[in-house]
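Hi,

Here is the structure I promised to pass on. Have a look at it first, then read my notes below.

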2 protein chains.
Amino acid sequence: MQVAIPLYDGFTALDAVGPYEVLSRVPGAEMRFVGFEIGPVRTDNDQLALQVNAELEQVPEPDVICVPGGLGSRALLDDQRLLGWIRHAHDHSQWTTSVCTGSLLLGAAGLLQGLPATTHWLERDLLAELGARPVTERVVAQGKIVTAAGVSSGIDMALRLVQLMHGDVAAQAIQLSIEYDPEPPVDAGSPEKAPDSVVELVRTAAATRGEQPREVARRR
Amino acid sequence: MQVAIPLYDGFTALDAVGPYEVLSRVPGAEMRFVGFEIGPVRTDNDQLALQVNAELEQVPEPDVICVPGGLGSRALLDDQRLLGWIRHAHDHSQWTTSVCTGSLLLGAAGLLQGLPATTHWLERDLLAELGARPVTERVVAQGKIVTAAGVSSGIDMALRLVQLMHGDVAAQAIQLSIEYDPEPPVDAGSPEKAPDSVVELVRTAAATRGEQPREVARRR
């Protein structure tokens, strides 16, 4: 099973590494980190770099695509090289997946027209503008397309994918090997669960990062 | 707040990226990926590389140390350069933390003598051989040392650390920003919860990877 994870400047590390950590444990998995050019690619906060080991076109038809999100996704909603790669890969994939705002790129590539899908909770409106029907589930499987909510949800998404591909025992074995027995010390993991004041805090912090996601969408 | 995460050949990516994704969201956090030399460092499965951006000695006294685990940790239980760095950094740190078999390195550095600590469930015996008192909690805070269980537990550990440092609202805001509202599709995240057959499957798979962790420990 060949798995391609496209990296781009400003991706969110956990979006990519969560699914990688799960899917790389499927026997025979070949993980490919693809991008615009070979070399290090920096994350959204500019404090970490992961290595791209193949250009997009060198891995044209992976079995599984997993598109991570991140602030950098906004600059790519018009990028025909990446969107063209996503479309071609999706035409041949067994599974086409995304984490967080990675689904905006699936949407921009035209893959989500009229379909239920999810993204980071702050970007549900933009996902709708790109043609999808946003839902609040953490992992949304629609045919061979599986989208996941914000950042950490890629772990759940990838376990779900293993379950769909190989059944419960495989998913259990990988869950156990990464000891995924979550125990967050607070219970504010979704806007439905967090106190309103915390939701506003995070919303304001995101807005003051100077992003204009809707303007980007309109510019298309 | 300066956070140093030492990377070494054969580390496990999620061990490092989970805490990074949480701690980097603390306002003013400066994340440093340190190592034996600057450049890419490959993970345990050799399918991904993260970038080291400073040598160990260039970041001698970080506020927070977070030591990831991985198969490569075994080869370093004798490494005086890394263990010396850990000891010196710990002497000056506000918090000294580990994920998964990263605690074996804390133990080998002499930090865990007689203390309760945790590690990946497969390595509890080795942790005991290194002087600690293994417990089965997911996150173990003992003074300024915080150890976490296998791989994915670094996310919970880092949220706990944020809570200890900055209180509930900060932990809630970061949990919400990474949408950490776990929903694994199966419930086998610890050896206590997984079916016995799955525990045996994972144990056998780990053994056939050809590791001899106990021999490494005895060789010390």
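Before going on, some housekeeping. This is a predicted model, where local features need pLDDT of at least 70, side-chain atom pairs count only at pLDDT 80 or more, and totals for chains, interfaces and linings use all residues. Residues are numbered from 1 along each chain as its sequence is written, while chains are lettered from A and ligands numbered from 1 in the order in which they are written.

**The sheet in chain B**

Strand 1 (residues 2-6) and strand 6 (residues 64-67) of chain B run parallel and are joined by two bridges. (Strands are DSSP runs of E, at least two residues, and helices are runs of H or I, at least four, numbered from the N terminus; two strands pair if DSSP finds at least two bridges between them.) They belong to an open sheet of seven strands in chain B, in the order 5-2-1-6-7-11-10, with mixed pairing. Strand 5 (54-55) and strand 10 (139-142) of chain B each have a single partner strand, so one side of each lacks a neighbour in the sheet.

**How the two chains meet**

In chain B, 57 residues are in contact with 57 residues of chain A (contact means C-beta atoms, placed from the backbone, within 7 Å). Helix 6 of chain B gives the most to the side that touches chain A, with eight residues.

Helix 1 (residues 13-23) of chain A packs with helix 1 of chain B at an angle of about 150°, their axes 10 Å apart (axes are lines fitted to C-alpha atoms over the stretch in contact, with angles from 0 to 180 degrees between N-to-C directions). The two helices are therefore roughly antiparallel (over 145 degrees). Among the residues that meet here are A:Leu14 and A:Val17 from chain A, and B:Leu14 and B:Val17 from chain B.

Happy browsing!

Definitions and conventions
Two residues are in contact if their C-beta atoms, placed from the backbone, lie within 7 Å. Angles under 35 degrees count as roughly parallel, over 145 as roughly antiparallel, 65 to 115 as roughly perpendicular and the rest as oblique.
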